[in-house]
Amino acid sequence: MTETENLHAGFIAIVGRPNVGKSTLLNHLIGQKISITSRKAQTTRHRITGILTEGDTQYVFVDTPGFQTQHSNALNRSMNRVVTNSLREVHVVLFVIEARHFDERDQQVLELLPTDCPVILVINKADLMKDKNELLPFIEKVAAMRKFDAIVPVSARLEKKLDTLLAAVRPHLPEGEHLYAEDDITDRNERFLASEILREKVFRLTGEELPYSVSVVIEQFKLEGRLRRIHAAILVDKEAHKVMLIGHKGEKIKEIATQARLDMEKLFDGKVFLEVFVKVRSGWADSAHMLKTLGYE
């Protein structure tokens with residue numbers, strides 16, 4: 001028996017419509033916050049990889065943007081390509097839906113799922129169902145739409161039944177050497193994670209109309225001992241958005257920067273000096289050149 005015969009490793013895509021809790025699921029599966037979350041749709045824009053190594057098994061989760069069906073600008077088309085491309089490159093798909101809710105947006109994602117790859121139905125937010133007797137009829141309804149390799153109700157937020165989900169995934173992962181070091185949690189670098197943390201704070205601390213026209217660029221990232229010196233630019237589409245983001249006497253941007261810095265220090269386990277600027281870049285979300293510059297796939 002070779003050393004790799006007992007080892008298993010593989011890629012698992014996490015897909016679903018916006019706001020079903022895909023990023024929350026990823027973060028709680030690996031035990032660390034690497035994918036940003038908010039109650040607003042379109043929070044995740046990039047393919048985020050989260051790595052969990054448990055004994056002889058390495059799970060490489062791929063968190064994808066919520067599949068966009070309502071908007072068709074260049075940014076949303078780019079995010080949809082990330083979803084469809086990710087589905088071609090994995091060993092297992094986790095199709096995440098919200099307990100009691102299944103609409104045409106879920107149906108459109110369901111129709112994208114591959115037929116030659118194991119698909120596990122993950123029913124998230126099961127803890128929010130007041131009447132648990134409603135869960136079984138809901139499961140039966142969705143299960144009738146296609147053959148799933150497993151159906152697992154979970155609460156990502158409360159970390160309930162995540163061990164059951166991992167147990168359902170493991171048999172589908174191929175034998176082979178682990179792809180990453182045992183203590184790796186993501187293949188994304190700190191520069192990328194810093195930009196995502198700052199963007200999350202914009203989502204969480206501003207009004208409904210602003211986040212969708214916002215992106216973040218890390219203009220400088222220097223490591224000085226254990227201190228990280230970061231200069232970041234928040235890009236907005238209009239001058240009015242810049243005024244909203246800065247706030248009265250700069251209070252809003254100060255709050256965003258402070259909360260982002262604290263999260264960065266927690267994730268990076270070291271002090272962070274963060275300087276944030278706001279810049280107007282009109283039409284960036286519908287410019288293929290700007291999207292490429294900003295690192296969208």
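Start by selecting strand β3: Thr57, Tyr59, Phe61 and Asp63 point one way from it, Gln58, Val60 and Val62 point the other way, and all are buried. Here "buried" means under 20% relative accessible area, "exposed" means over 50%, and "partly exposed" is in between (1.4 Å probe, protein chains only). Strands (E, at least two residues) and helices (H or I, at least four) are DSSP runs, numbered from the N terminus.

Before you click on, some ground rules. This is a predicted model, where local features need pLDDT of at least 70 and side-chain atom pairs count only at pLDDT 80 or more, while totals for chains, interfaces and linings use all residues. Residues are numbered from 1 along each chain as its sequence is written, and side-chain values use heavy atoms, with hydrogens and water left out.

**Stop 1: β3 and its partners**

Keep residues 57–63 selected; that is β3, mostly covered, with 7 of its 7 residues buried. β1 and β3 run parallel and are joined by 7 bridges. Two strands pair if DSSP finds at least two bridges between them.

Click on Gly50, and you'll find its bridge partner Phe61 in β3. Then follow the chain through the hairpin of β2 and β3: there are 2 residues between the strands, and Gly55 takes a positive phi near 60 degrees.

**Stop 2: the whole sheet**

Zoom out and show every strand. Which order do the strands of the open sheet follow? Read them off as β2-β3-β1-β4-β5-β6, 6 strands with mixed pairing. β2 and β6 (150–153) stand at the edges with a single partner strand each, so one side of each has no neighbour in the sheet. From one strand to the next, the twist averages 25 degrees. (Axes are lines fitted to C-alpha atoms, for helices over the stretch in contact, and angles run from 0 to 180 degrees between N-to-C directions.)

For another parallel pair, select β4 (residues 92–98) and β5 (residues 119–124), which are joined by 6 bridges. Val96 has Val122 as its bridge partner in β5.

**Stop 3: Thr49**

Go back to β2 and pick Thr49, which is found in that strand. Is Thr49 buried or exposed? Thr49 is buried, with a relative accessible area of 4%. Not counting residues up to four places away in sequence, Thr49 touches Ile34, Val60, Phe61, Val62, Ile185, Thr186 and Asp187. Contact here means heavy atoms within 4.5 Å.

**Stop 4: helix α3**

Select residues 104–112, helix α3, and colour Asp106, Val109 and Leu110, which are buried. These three cover an arc of only 105 degrees around the axis, which puts them on the same side of α3. The arc is that of the directions from the helix axis to the C-beta atoms. An α-helix has 3.6 residues a turn, so residues three or four places apart point the same way. What covers the buried residues of α3 includes β1 and β4.

**Stop 5: the rings**

How many aromatic pairs does a search of the whole structure find? There are 3. One of them is Tyr59 with Phe61, stacked at 6.0 Å centre to centre with 5 degrees between the planes. Rings of Phe, Tyr and Trp (its six-membered ring) pair if their centres lie within 6.5 Å; planes under 30 degrees apart count as stacked, over 60 as edge-to-face and the rest as tilted.

Now select Phe95 and Phe148, another stacked pair: 6.4 Å centre to centre, 15 degrees between the planes. Phe95 lies in β4 and Phe148 in the loop between α4 (135–143) and β6, so the pair ties together parts that are 53 residues apart in sequence. Phe95 is buried at 0% relative accessible area, and Phe148 counts as buried at 10%.

Leave Phe148 on screen and show Arg146: its charged end sits over the Phe148 ring, 5.8 Å from the centre. For that, NZ of Lys or CZ of Arg must be within 6 Å of the ring centre and within 35 degrees of the ring normal. Arg188 lies over the face of Phe192, at 4.0 Å from the ring centre.
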